[in-house]
Amino acid sequence: MTTTVTSSQPAHPAPPARTQPPAPPARPARRRRSTGAGLAAPFAVLLLCTVLVPVGYAAWLSLFTDRLSGLGLGGYRQVFAGLATYATVLTDPAAHASAAHVAGYALIHIPVMFAVALLIALLLNSATVRLRQVWTLAVFLPYAVPGVIAGLIWAYLYSPGIGPLSATPPVDPLSDTGVLPSIVNMATWQWTGYNVIIFYTALQTVPREVLEAARADGAGPLRTALSIKVPMIRPTLFVALVFTTIGSLQLFTEPMVLRTFTSTVTSTWTPSLYIYEAAFISNDYGRAAAASILLAIASALLSALVMRLSARKSR
Amino acid sequence: MVFGTPSGAAGGSRSRPLPSRRSLLRAASGLGAGALAGGALTGCSQRSSSAARVRIWSWLSGMDQYVAAFNSAQRDIHVQLSSIAAGVSGGYAQLANAIRAHNAPDILHTEYQALPQILTTGGLRDLTDDMADLADGFLPAAWRGVRPGGRTWAVPMDFCPMTFFYRKDLYDEAGIGAPRTWEEFARAATAVRRADPEARIATFPINDGAFFAGMAWQTGDPWWRIAANSWQVGIDGEGTMALAGYWQDLIASGKVAHTAVATQSWASAIHRGKLWGMLGATWGVGTIKRSLAADKGRWALTTMPTWGDRQANGVFGGSAFGVSAESEVPEAALTFLRWLATDPAVPRIGARLTFPSPAWAANRKVARAAYQDDFFTGEPIFDVLDRAAVRVPEWTWGPTSLSVFSAVADVLAPVPTGGTTVPRAMHKLQSSTVAMMRDRGLAVADGGRT
């Protein structure tokens, strides 16, 4: 494969003829600086183009609104609205309901998933387990299933007339009382394995000496798990908590899939669906942009809160 | 690449002088029949480099075949199709975004109910003068549908009056006649449940706003009206409220199902004979025939039951096509659209692929002759559909129809559990729709018509 190496790779020991002349060796500091900039450039360009510019554009869009006039059949005029779009979102009952739905979702989903994932990770990490790799793979497998596919399969399982889960639980999984637990179930199924892997990897790094010392002091497996292992992977748990919190706020795929199966999931059921409806059904881009910025701010604040909590706990 | 130049087509074709519309029309007339006779629908092989290139975005099934037939039969215009996601599944978002970005295709797919909302983007060309000569050829309701505000904004292609599909074999067995009025429908609903406690007459899909609007259309009490350059909103008008009360009773008493149509569990219920019918529209002919092949000879269709003896029919679906205001080849685009709407070759192709329901009145006879029906029993389907197509009352779609459709589904969601009633939901929808329209700057006349 060496023949295909292009001339633009400066690390190549024997540069072909077309390469640039090497920089003079007399200025190492500047060279180091330019190397650093060069290495950071791809990331910086990507960050600029795919994150900063779109976020900036969304913030800009959120300050404008399309004004129609008369019958509206002649087209719209884009006018400056200032923060009025934000006020519209913040006072919209549909937006409040969507926030309540994700709050309810997060309050069930996060504790349940963390408890299950931690339990499985500790079991996998314990000395007695057999077929460890098989179990690891089995637990991780749901994460490898694309979210929409998983959503559809669960939706079929919940559907009356064809799904075995339709009549089994005490409440109809697609009714207005049952739909939140149903969505929690779908997300928990999907994401538990992912967190198990993270926790399990962290558990592997707990030093053997510490565990041996605990055993020498007479701690049983349960005591070791609760008093040694879990506290030692606390930073990992908090990082996973941040991810899960943000993911919960952005809940979209599962309710979107269920929408075609039940009218219980409204078009604005979660903040992400609310934004989708505003942008792509109502063509109200200002409101969609404002709601997106608000969602981003809420995510940032919640993540900051979780991180601060983690800092205090580990002190 | 949606906007890429096709290999072989000259990039500079847009700047060349266009052939006059008359000569294009001459070239296009009758070409479909020739193309069909030759059986050569495959190709855009010998297109000349001076052909006007027309881009179209559509999700109409069979559009690729129509485009191929058009392209292979003449050399002056080359139509280039991009299939996009259907309407509210992403198609309209894509169209609206393209219009804002000033790179919309020359021809845009729009359903009648979406046309006023698309017009609020200012992206469509006024076709009033170009289309004036065709005014009398279309079904009157389809023609009205492309003329919100009295100007012509699109070319009607197909038109879908609502119909009631039912299992004639089960009805006959249970001694139930096809319901002609909604009163008879309610009685039939009771009779169906008596014949089989698990079975229902049909489902009233509360998650489908376009369906509910089509039902309201039949009452002759439109949700929107235009008067004195402002909108009148009548979502909780007399007709809709009577409709709402009627279905509230049927849903609350469990005489109809209320789940979505065309889902897996719906199909399963139909297959197992637990749903004896479907409140649908013209497109249901193709859907039922395709998905229930084993039920051949068991299904029949009839016009929608009526309110008393007022012979009226609502509409649920149908496509039209607009021309972009920024198109550089509007004449060529119109030539294609006039062919698509009126040429007898189109329903002949359509009859092979799906079920054609042309908006061009003369083509309905062509469709009737070309479509081979061996599936349905009872009255011939085109008798039913032609009767339905000409008794469609006045109706105007609003500039926020698509948002209202998702709002219908949202406000009706708590109905099955008793969280609200259909009439109450309609009052709520009326006030939220008026508020939303005012919020966007539209002129909305005060006072509903309740």
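Helices (H or I, at least four residues) and strands (E, at least two) are DSSP runs, numbered from the N terminus.

## Basis of the model

This is a predicted model, in which local features need pLDDT of at least 70 and side-chain atom pairs count only at pLDDT 80 or more, while totals for chains, interfaces and linings use all residues. Residues are numbered from 1 along each chain as its sequence is written, and chains are lettered from A and ligands numbered from 1 in the order in which they are written.

## Annotated segments of chain A

In an unreviewed entry, UniProt lists residues 136-159 and 179-203 of chain A among those under "transmembrane region"; such annotations may be inferred rather than shown by experiment. Residues 136-159 of chain A are 88% helix and 0% strand, with end C-alpha atoms 31 Å apart, whereas residues 179-203 of chain A are 100% helix and 0% strand, with end C-alpha atoms 35 Å apart.

## Contact between chains A and B

With contact taken as C-beta atoms, placed from the backbone, within 7 Å, 35 residues of chain B are in contact with 28 residues of chain A. On the side of chain B that touches chain A, α4 (91-100), α5 (115-119), α12 (264-271) and α18 (401-412) of chain B each supply at least two residues, and α18(B) gives the most, with six residues.

## A helix crossing in chain B

The axes (lines fitted to C-alpha atoms, for helices over the stretch in contact, with angles from 0 to 180 degrees between N-to-C directions) of helix α10 (residues 209-218) of chain B and α18(B) come within 8 Å and cross at roughly 95 degrees. The two helices, α10(B) and α18(B), are therefore roughly perpendicular to each other, a term for angles of 65 to 115 degrees.

Note on methods:
Two residues are in contact if their C-beta atoms, placed from the backbone, lie within 7 Å. Angles under 35 degrees count as roughly parallel, over 145 as roughly antiparallel, 65 to 115 as roughly perpendicular and the rest as oblique.
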